[in-house]
Amino acid sequence: MRGKLYVVSGPSGVGKNTILSRIVSTQPNVQYSVSATSRPMRPGEVEGISYYFLDRPGFERLIEQDELLEYAEYVGNYYGTPATPIRKAVGAGIDVVMDVDVVGALKIKKRVPDAVLIFLAASSLDVIRQRLERRGDVRPDVMARRLERARWEYSQACRYDYIVLNDEIARATGEMLSIMTAEKCKTMERIHLIEEEL
Ligand code: 5GP
């Protein structure tokens, strides 16, 4: 059985990293897709774990060499998903969770129609603003652009398969795991078990 792609989007600061780290650390058959980016590293981030950090020409080389499943520009920086690790994981039956913006998520859905799109929302956009402020690494002009972007992302949530509300991390993580369980129980995934009995 091939692994599935779970594409998680939501505004910067909504808590995607926290929830996805919890899932990856508790689920043996789930791998996190480490993205490439041209944005500078933030305090606490680790090369190859948080992101693969590249300069713009380095990122553009990945694009030219067709190494990315998708890429997008988000608030002035490139972000993209390396294709090879995903191909390997899915082929080995491992599920892949990925943190991708709305533009990238919709591109993935076109290329991989059975990818599951999950939109992670905060209880309000004001909560997003507070979280970005607390993170303390965002200049005021960048903050304004991120909030404007968050509003646009909210307007696109209707295009997702699921919406998870991150008002409480444990609950949101639980909802995400329930979605992954439900996807495994879909008739398409299970019908072979029944057919073998006929
Ligand atoms: P941040 O700079 O806060 O880490 O991420 C900014 C945005 O880039 C987030 O919305 C995140 O989902 C998105 N992002 C992270 N990795 C990728 C990727 O590989 N592809 C795309 N399209 N977006 C990504």
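## Overall fold

The chain's secondary structure comes to 8 helices and 9 strands; these are DSSP runs numbered from the N terminus, with H or I over at least four residues for helices and E over at least two for strands. Keep in mind that this is a predicted model, where local features need pLDDT of at least 70, side-chain atom pairs count only at pLDDT 80 or more, and totals for chains, interfaces and linings use all residues. Residues are numbered from 1 along each chain as its sequence is written, and side-chain values use heavy atoms, with hydrogens and water left out.

With 198 residues, a compact globule would have a radius of gyration near 16 Å, and the chain's 17 Å agrees with that (taken over C-alpha atoms; the rule is 2.2 Å times the number of residues to the power 0.38).

## Around the ligand

The ligand is surrounded by 19 residues, the closest being Arg39, Tyr51, Tyr79, Asp99 and Asp101 (near means a heavy atom within 4 Å). This shell divides into 5 nonpolar, 6 polar and 8 charged residues; Ala, Val, Leu, Ile, Met, Phe, Trp, Tyr, Cys and Pro count as nonpolar, Asp, Glu, Lys and Arg as charged, and the others, Gly among them, as polar.

## Polar contacts and burial

Which distances separate polar side-chain atoms from ligand oxygens? For serine 12 it's 3.0 Å, for serine 35 it's 2.7 Å, and for aspartate 99 it's 2.3 Å (a polar contact is a pair of N or O atoms within 3.5 Å). Taken alone, the ligand exposes 510 Å², and the protein buries 97% of that (Shrake-Rupley method, 1.4 Å probe).

Conventions:
Polar contact = N/O pair within 3.5 Å; in protein donor to acceptor, adjacent residues only side chain to side chain.
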